[in-house]
Amino acid sequence: MLKTVNSIDETMAVGKELAGLLRREKLNIFLTGGLGAGKTTLIKGIGEGLGIKDRVQSPSFQLVRKYGAPGPGSLTHIDLYRLKDAREILELGWWDLLEEEGVTAVEWADRAREILPDGAVFLSIRMLSETSREIEYEKK
Ligand code: ADP
Ligand code: MG
């Protein structure tokens, strides 16, 4: 499934809609796309859709950040940008993080290719222009 968005708000709306569709079910979302594609922006939308009050930020120096009250409706944000080795994220409890209730959203998912679960939901974001993005939804 492909969708073109033309603004930051439209990218956030995709995340928000996704969170709304979930109705507090468990979901892992794996995001790919270059620097500045809009992965964090989309996850901000997921946070909004889940009703999380804290502002979702780029984890930058942390690989993992958790938002919202633990349980259904929470958000676990993983950013593998600085990952050196798959072992590093495995040591942080990768499989437990993926089983965390609520949404687990992983940026730079392609860096963990060897340790992705089957049937994962992928969102690949491609820059079309300064403000336009193509978002591809795939279940692999
Ligand atoms: P990533 O996490 O993929 O590196 P970010 O979400 O942090 O990307 O940043 C996306 C950047 O692109 C922001 O600076 C934002 O202002 C800009 N931008 C412009 N148009 C869009 C759009 N349609 N969707 C998302 N971000 C956009
Ligand atoms: Mg980011």
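Reader: Which atom of ligand 1 does a backbone atom of T131 lie by, and how far off?

Author: A backbone N or O atom of T131 is 2.9 Å from a nitrogen atom of ligand 1. The model is predicted, so local features need pLDDT of at least 70 and side-chain atom pairs count only at pLDDT 80 or more, while totals for chains, interfaces and linings use all residues. Residues are numbered from 1 along each chain as its sequence is written, chains are lettered from A and ligands numbered from 1 in the order in which they are written, and side-chain values use heavy atoms, with hydrogens and water left out.

Reader: What counts as a polar contact?

Author: A pair of N or O atoms within 3.5 Å; within protein, one must be able to donate a hydrogen and the other to accept it, and residues adjacent in sequence count only if both atoms are side-chain atoms.

Reader: OK. How far are the polar side-chain atoms of T41 and R133 from oxygen atoms of ligand 1?

Author: For T41 the distance to an oxygen atom of ligand 1 is 2.5 Å. For R133 the distance to an oxygen atom of ligand 1 is 3.1 Å.

Reader: How much of the accessible area of ligand 1 does the protein cover?

Author: On its own, ligand 1 has 560 Å² of accessible area, and the protein covers 75% of that. Such areas come from the Shrake-Rupley method with a 1.4 Å probe; for residues, only the protein chains shown count as cover.

Reader: Which residues around ligand 1 come nearest?

Author: There are 15 residues around ligand 1, and T11, G36, K39, T40 and T41 come nearest. To be near, a residue must have a heavy atom within 4 Å of the molecule or strand.

Reader: And which helix gives the largest share of that shell?

Author: Helix 2, with 3 residues. Helix 1 (8–22) and helix 2 (39–49) each supply at least two residues of the shell. Helices (H or I, at least four residues) and strands (E, at least two) are DSSP runs, numbered from the N terminus.

Reader: How do the shell residues divide into nonpolar, polar and charged?

Author: The shell has 3 nonpolar, 8 polar and 4 charged residues. Ala, Val, Leu, Ile, Met, Phe, Trp, Tyr, Cys and Pro count as nonpolar, Asp, Glu, Lys and Arg as charged, and the others, Gly among them, as polar.

Reader: New topic. How many aromatic pairs does the structure hold?

Author: It holds 4. Rings of Phe, Tyr and Trp (its six-membered ring) pair if their centres lie within 6.5 Å; planes under 30 degrees apart count as stacked, over 60 as edge-to-face and the rest as tilted. F30 and W94 form a tilted pair, 6.4 Å centre to centre with 55° between the planes.

Reader: Why does the pair of F30 and W94 tie together parts that are apart in sequence?

Author: Because F30 is in strand 2 (residues 27–32) and W94 is in helix 4 (residues 94–99), the pair ties together parts 64 residues apart in sequence.

Reader: Are F30 and W94 buried or exposed?

Author: Both F30 and W94 are buried. Buried means under 20% relative accessible area, exposed over 50%, and partly exposed in between (1.4 Å probe, protein chains only).

Reader: What about the pair of Y81 and W108?

Author: Y81 and W108 are also a tilted pair, 4.9 Å centre to centre with 40° between the planes. Y81 lies in the loop between strand 4 (75–79) and helix 3 (86–91), and W108 in the loop between strand 5 (103–107) and strand 6 (121–127), so the pair ties together parts 27 residues apart in sequence. Y81 is partly exposed at 31% relative accessible area, and W108 is buried at 11%.

Reader: Which residue lies over the face of W108?

Author: R111, at 4.6 Å from the ring centre. K140 lies over the face of F122, at 4.2 Å from the ring centre. A charge sits over a ring if NZ of Lys or CZ of Arg is within 6 Å of the ring centre and within 35 degrees of the ring normal.

Reader: What phi does W108 have?

Author: A positive phi of about 60°, although W108 is not a glycine.

Reader: Which residues do ring pairs link into a cluster?

Author: F30, W94, W95 and F122.

Reader: Last one. Where is H77, and what does its side chain contact?

Author: H77 is in strand 4, and a polar contact of 2.7 Å joins its side chain to that of E107. H77 counts as buried, at 0% relative accessibility.
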